[in-house]
Amino acid sequence: MQLTGAQALVKSLETQGVEVMFGLPGGCILPVYDPIIESPIRHILVRHEQGAGHMAEGYAHVTGRPGVAIVTSGPGATNIVTPLCDAYMDSIPIVVITGQVPTGAIGTDAFQEADTTGITMGVTKHNWLVTDAADIPRVIAEAFHVATTGRPGPVLVDVPKDVSLQTMEWYWPDSLDLPGYRPPSHPDAKAIADAAELITAARRPVIYAGGGILKSHASAALRELAEMTGIPVVTTLMARGAFPDSHPLCLGMPGMHGNYTAVTAMQQADLLIALGSRFDDRVTGKVSAFAPHAKVIHVDIDKAEIGKVRRPEIGIVADCRLATEALVSALTPRAAAGELEPARLADWIAQLRHWQERFPLAYDDAVETDATGSSAGGHPPLLKPQFVLETLRDNTPAGTILASGVGQHQMWASQYWHFERPNTWVNSGGLGTMGFAVPAAIGAKVGRPDAMVWAVDGDGCFQMTAQELVTASAERIPVKIAILNNAYLGMVRQWQHMFYEERYSEVYLSPDLPDYVGWAESMGCVGLRVEHPEEVLPAIDKANQIDDRPVVVDFRTDSMEQVFPMVPAGASNDDIVVHPSQRDRLAAS
Amino acid sequence: MSDPRHHLLSVLVENKAGVLTRVASLFARRGYNIFSLAVAPTDDPRLSRISIVVDVESSPLEQVIAQLDKLINVVEITELHPDEAREAELLLVTVSAGADARAQVIQLAGVFGGQIVDVGRDALTVMLAGAPEGLDDFEDLMGSYGIVELQRTGRVALPKLRADSGAASAALTAESA
């Protein structure tokens, strides 16, 4: 069967089982858009290529399947560099197809030419420039294989226009020729046995669960390991939902804005069992002062993560699920022999409970203020962002997917939400990409139309990618956006408050410029505004009932609110700053 | 190898467009220093061998190797220890040498096993191949005459053959035949 390169590309995507792609056409990708008309693959027309990339990521986050984006050459390609980098940092499998100028024009500074494979080399797991249409099925098969196996990540396939127009004889490769690509799978038996020994001997152990748990579908194995050993679990920002927050052994999020117990448990631990986590600087704080008494068992599918930041006593290069299951198997006889009785950890668990009681997450209740901001009364109380999140959390169905942007609202969302299921939290962890929430939520809703999808966004973030709500309205993708509108670039403001003597430089945004409700309505969404605590629940109830279009709720929140606890950048996790109301307790303990 | 921070990696890669860029850009973005680098296709046209001397002051060698191994086109990485490898390098040097110094330079080149590949009125060009340390010594000596231009290839290496290995006996057999 003779096909054009463009037809072969679309047929290859169909053969890979792609059901949806996010994109925006342009000159060099035009030939590929023609067969898209007949293809069963749903195409979602975005308003900016960055949106396409984040939608593909959101889709991949919640489905575990690779997200696909397709854009043109030059600016189309450069606009999607941020999502590629975001997906690279967070190990999200996405496949990005870019158009390229015809092969004869490459290197001539042709119109809309960019060195796309060169630019994206450092932010993709691998990329390909296709120079012959006959290579297309092979390259697409390789691209999906590389994106989804081993440590997942983004890949890019650059297709020059003349290659799309060439004809080729259709085939589908029955094997792949990637001699340098051999992702690890099973753990080393000796290392597992040694790890079981350390786990049995530990008296202050902590399981440090990272995003690898979700990528390898290891949640059930993790729960088995935790319950069999009685070892408490911290879930990193990338692993929220990998272990249920309601579980008695769940300590929640560690790190710069982690809760006191999770942070301090790691500091005081005698053993860290790192499963698919990478000792990110936001988790460790000052590395030399991190978990100073702990031995480390580090499981990761990426060998380069073992010892990159912290040298482990036992490094296990393997699929996280297979390694966790192997640990369970190795520990089963020890459990049967009574070596894992809960009593061995009784002091440790008691210590953790003590910290949980003394240092829960805390924020000041809203107080009535007058026009000068003093609490003498008169004006209605300011809306606390944490209160908004608690109300949203308690009034959305189980299994609701939560997406978030980057900043204070992201930390509050991770802190105050109760994550009970895997793949229900969609956020930008490693790169910290403002503007991630709206397009990622749209991609998540496309992947999981059965689930309710809320995005928690900041006013700064929202302004970066809000135009994708036009996409959502046009495509009938009913996402719900809660803007925690504090009129500031809040996290930057918080740092200027704490570390720059309250010298606020270029962080004020205004609460009503733009008019978020008017803007939402102009984009085909329902827009709601909430200024007072008593309006929060009715607005959420109303938003939950709307299922035929997106909803944007502009929550006018307290500008002064700060995220606590906080470990200042570069400081030891021992120097955690708790909420002001708890500081005397910290001194006493 | 003289500098203890220097480690020689012999990296077998797929012979495809852009592979050298991937290796070089990985080193740049992870902050690893390349001291020297030599690359050419192997006897198998699908593969090339890159010999990289890495300066590992900034990051541990195992981290460099693990990151390099993640490149899809990298097929195999071998660290070659100096006492387990045959290393060679080629040097071309143009030395300023008038009539009075010419004979001395030619004589020194002869001592080191070099060849005179070009002769001008006031200068001559010597080619010398061999173990890198010998090249270092020769370069030092030539310095006293005045080096006009100098180019070294960077070191290439293969593992030493053990007398009892199959490959070694095969090579010896071929030689005696």
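In strand 7 of chain A, A:Val157 is the residue that stands opposite A:Ile97. That pair is a handy place to start looking at this predicted model.

**The parallel sheet of chain A**

Strand 5 (residues 94-100) and strand 7 (residues 155-160) of chain A run parallel and are joined by six bridges. Helix 7 (residues 136-148) of chain A packs on the sheet there, touching strand 5, strand 6 and strand 7, and its direction makes about 160° with that of strand 7 of chain A.

Step back, and you will find an open sheet of six strands in chain A, with parallel pairing and the order 3-2-4-5-7-6. At its edges are strand 3 (42-45) and strand 6 (126-129) of chain A, each of which pairs on one side only. From one strand to the next, the twist averages 20°.

**Domains of chain A**

Chain A falls into three parts: domain 1 (2-169), domain 2 (189-358) and domain 3 (385-563). Between the centres of domain 1 and domain 2 of chain A, taken over C-alpha atoms, the separation is 38 Å. How many residues of domain 1 of chain A are in contact with domain 2 of chain A? Five residues of domain 1 are in contact with five residues of domain 2 of chain A. On the side of domain 1 that touches domain 2, one residue is nonpolar, two are polar and two are charged.

**Nonpolar cores**

The largest nonpolar core holds 199 residues, and those with the most contacts inside it are A:Ala69, A:Ala209, A:Leu272, A:Ala441 and A:Val553. Take A:Ala209 as an example: leaving aside residues up to four places away in sequence, A:Ala209 touches a set of residues including A:Leu222, A:Val233, A:Val234, A:Phe243 and A:Leu275. A:Thr235, A:Thr236 and A:Ser277 are also among the residues that A:Ala209 touches. Another core, of 13 residues, lies apart from the largest one; among its members are B:Ala97, B:Val105, B:Leu124 and B:Val126.

Chain B has five helices and nine strands. Read from the N terminus on, its elements run β-α-β-β-α-β-β-α-β-β-α-β-β-α. Of the 177 residues of chain B, 26% count as buried. Among contacts in chain B between residues at least 6 apart in sequence, 72% join residues at least 24 apart.

Four strands of chain B form an open sheet with antiparallel pairing, in the order 2-3-1-4. Strand 2 (33-41) and strand 4 (74-80) of chain B are the edge strands, each pairing on one side only. The twist from one strand to the next averages 20° in this sheet. Within the sheet, strand 1 (residues 6-14) and strand 3 (residues 47-55) of chain B pair in the antiparallel sense over nine bridges. One bridge takes B:Leu9 to its partner B:Ile52 in strand 3 of chain B. Helix 2 (residues 61-69) of chain B lies across strand 1, strand 3 and strand 4, and runs at about 160° to strand 4 of chain B.

**Where the chains meet**

Contacts between the two chains involve 13 residues of chain A and 16 residues of chain B. On the chain A side, these residues comprise six nonpolar, five polar and two charged.

**Backbone spots to look at**

Most residues other than glycine have a negative phi, and most peptide bonds are trans. The table collects some exceptions.

| Site | Backbone value |
|---|---|
| A:Leu513 to A:Pro514 | cis, omega near 5° |
| A:Phe564 to A:Pro565 | cis, omega near -5° |
| A:Ala291 | positive phi of about 40° |
| A:Glu506 | positive phi near 55° |

Where do these sites lie? A:Pro514 is in the loop between helix 21 (490-499) and helix 22 (516-522) of chain A, and A:Glu506 is found in the loop between helix 21 and helix 22 of chain A. A:Pro565 lies in the loop between strand 20 (551-556) and helix 24 (583-588) of chain A. A:Ala291 belongs to the loop between helix 13 (281-284) and strand 13 (295-300) of chain A.

Is A:Ala291 buried or exposed? A:Ala291 counts as buried because 24 C-beta neighbours lie inside 10 Å, the cut-off for burial being 20 or more. A:Glu506, with 8 other C-beta atoms within 10 Å, is exposed.

Methods: Residues are numbered from 1 along each chain as its sequence is written. Chains are lettered from A and ligands numbered from 1 in the order in which they are written. This is a predicted model: local features need pLDDT of at least 70, side-chain atom pairs count only at pLDDT 80 or more; totals for chains, interfaces and linings use all residues. Two residues are in contact if their C-beta atoms, placed from the backbone, lie within 7 Å. Ala, Val, Leu, Ile, Met, Phe, Trp, Tyr, Cys and Pro count as nonpolar, Asp, Glu, Lys and Arg as charged, and the others, Gly among them, as polar. Domain bounds come from an automatic or database domain assignment. A nonpolar core is a set of buried Ala, Val, Leu, Ile, Met, Phe, Trp, Tyr and Cys residues joined through C-beta atoms within 7 Å. A residue is buried if 20 or more other C-beta atoms lie within 10 Å of its own, exposed if 12 or fewer, and partly exposed in between; C-beta atoms are placed from the backbone. Two strands pair if DSSP finds at least two bridges between them. Helices (H or I, at least four residues) and strands (E, at least two) are DSSP runs, numbered from the N terminus. Axes are lines fitted to C-alpha atoms, for helices over the stretch in contact, and angles run from 0 to 180 degrees between N-to-C directions.
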